[in-house]
Amino acid sequence: MALARLSQYPLLPLFDTWLVTGGRGAGKTRLGAEWVNALVRGFPPFARGGRYGRLALVGETLADVREVMVEGPSGIVSISRRHRPRFEPSRRRLVWDNGAVAQIFSAEDPDSLRGPQFDAAWCDEVGKWRHVEATFDMLQFGLRLGPRPLQLLTTTPRPIPLIRRLIDDPLVTVTRMRTAENERNLAQGFLSMMERRYAGTRLGRQELDGELIADRPDALWTRAMLETAPAETMPGALRRIVVAVDPPAASRRTSDACGLVVAGVDAEGNGLVLHDGTVNAAKPQEWASRAVALYHRFGADCLVAEVNQGGDMVAAVLAAVDARVPVRPVRATRGKWLRAEPVAALYEQGRVRHLARFPELEDEMCDFGLDGLSGGHSPDRVDALVWALTELMLGKRHEPRIRDLG
């Protein structure tokens with residue numbers, strides 16, 4: 001494989017199950033075809049201790065197996081330079097001159113995997129399988145030949161339970177491939193066009209970056225909700241703009257980040273998130289300087305700063321950077337979830353838009369549940385967002401001064 005990448009030919013030993021998630025055009029199909037060819041011929045690094053002779057090829061449909069995995073531009077037949085296998089469509093199988101056979105199966109018919117047995121299997125686009133659990137289970141019972149049966153699963157990641165389990169399984173090798181890594185093998189201009197259209201969106205992160213984008217069941221925000229949040233055009237006049245500051249609890253490198261979110265509200269009372277400037281800062285002067293810089297950059301009315309952790313220190317640190325900047329201290333008297341609920345309701349009502357995609361902020365929003373973030377970290381970006389929109393849309397009204405962002 002002259003143009004192979006390390007993610008396609010890894011140097012480290014693989015577990016018996018190898019899950020490869022990747023974006024469109026990242027090279028997943030070519031990897032699967034080369035993997036099958038290597039097993040049949042007994043080539044390293046994939047074949048272990050000899051040739052594999054009884055394989056299963058499983059796709060979403062029989063047509064997908066034939067048109068993508070077998071006869072497609074990156075399929076098994078197309079990439080076989082020597083010892084090309086013979087495809088027998090009537091018997092649904094590939095046959096090599098050395099006696100190796102690969103049978104083809106569809107995820108639409110899990111029971112077709114009852115009976116046959118294999119020493120290896122390539123499963124493609126598992127995230128799209130109609131009967132994914134039943135098909136995968138039937139395949140596992142059939143992987144019972146040879147000293148060490150192997151299986152490769154290539155797929156665009158989708159947050160289905162099977163893929164989540166495989167990613168969490170310590171005995172599964174997981175490889176993620178981005179479309180950009182395969183740019184030299186793609187049509188000129190394809191990647192730049194896709195990035196212009198989809199960079200930062202949920203679809204782009206899934207289909208181009210190969211990320212598993214999942215919703216948390218008890219989260220206040222969902223990905224679907226945020227897909228409607230980006231503003232279609234640059235806004236005009238905004239009545240107010242604030243920079244919300246959620247300071248870290250301590251001044252250490254291991255401390256939480258300082259949440260910094262800039263938001264505004266228009267004449268109709270609709271909110272607009274302008275910027276996520278959250279920063280990891282070891283010293284208070286660092287995050288204070290960033291907050292003040294955002295205040296001047298966006299022509300904000302004030303800094304909205306939570307003072308639960310730092311009290312008067314927060315205002316003092318900000319004043320030390322620029323005493324002319326007005327600071328509105330806010331203090332949390334309710335839990336984070338209760339404070340965030342009315343802000344999430346504004347999104348459900350379609351009253352909040354985002355000026356751009358803010359992937360890290362949106363990740364936190366969709367991972368924010370009753371007990372905080374699933375990883376146990378502080379939701380610094382969400383806290384700052386909630387303070388900003390509460391001040392602008394749910395808090396005490398202030399006399400506006402109109403400014404034009406257009």
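# Chat on a predicted model

Modeller: Buried residues make up 53% of the 406 residues in the protein. Buried means under 20% relative accessible area, exposed over 50%, and partly exposed in between, with a 1.4 Å probe and protein chains only.

Biologist: What should I know about the model and its numbering?

Modeller: This is a predicted model, where local features need pLDDT of at least 70 and side-chain atom pairs count only at pLDDT 80 or more, while totals for chains, interfaces and linings use all residues. Residues are numbered from 1 along each chain as its sequence is written, and side-chain values use heavy atoms, with hydrogens and water left out.

Biologist: How many helices and strands are in the protein?

Modeller: There are 13 helices and 17 strands. These are DSSP runs numbered from the N terminus: helices are H or I with at least four residues, strands are E with at least two.

Biologist: Which strands form the open sheet, and in what order?

Modeller: Eight strands, ordered 3-4-5-2-6-7-1-8, with mixed pairing. Two strands pair if DSSP finds at least two bridges between them.

Biologist: Which strands stand at the edges?

Modeller: Strand 3 (86-88) and strand 8 (172-177). Each has a single partner strand, so one side of each is left without a neighbour in the sheet. On average, neighbouring strands of this sheet are turned by 15° against each other, direction ignored. Axes here are lines fitted to C-alpha atoms, for helices over the stretch in contact, and angles run from 0 to 180 degrees between N-to-C directions.

Biologist: How do strand 1 and strand 8 pair?

Modeller: In the parallel sense, over six bridges; strand 1 covers residues 17-22. L19 stands opposite V174 in strand 8.

Biologist: And what does helix 2 touch on the sheet?

Modeller: Helix 2 (residues 62-70) touches strand 2 (54-59), strand 3, strand 4 (93-95), strand 5 (101-106) and strand 6 (120-124). Contact means heavy atoms within 4.5 Å. The direction of helix 2 makes about 110° with that of strand 2.

Biologist: Switching to helix 1. Where does it sit, and how many of its residues are buried?

Modeller: 13 of the 14 residues of helix 1 are buried, so this helix is largely enclosed by the rest of the structure. Just after helix 1, G42 takes a positive phi of about 80°.

Biologist: What about strand 11 and its partners?

Modeller: Six of the six residues of strand 11 (residues 271-276) are buried, so that strand too is largely enclosed by the rest of the structure. Strand 10 (residues 259-266) pairs with strand 11 in the antiparallel sense over five bridges. V262 has H275 as its bridge partner. The two strands form a hairpin with four residues between them, and G269 in the turn has a positive phi of about 85°. Strand 14 (residues 352-354) runs parallel to strand 11, joined by three bridges. There L272 stands opposite R353.

Biologist: At what angle do helix 12 and helix 13 pack?

Modeller: About 90°, with axes 8 Å apart, for helix 12 (residues 359-366) and helix 13 (residues 380-394). That makes helix 12 roughly perpendicular to helix 13, a label for 65 to 115 degrees; under 35 is roughly parallel, over 145 roughly antiparallel and the rest oblique. The contact is made by E360, L361, E364 and M365 of helix 12 with D380, R381, V382 and L385 of helix 13.
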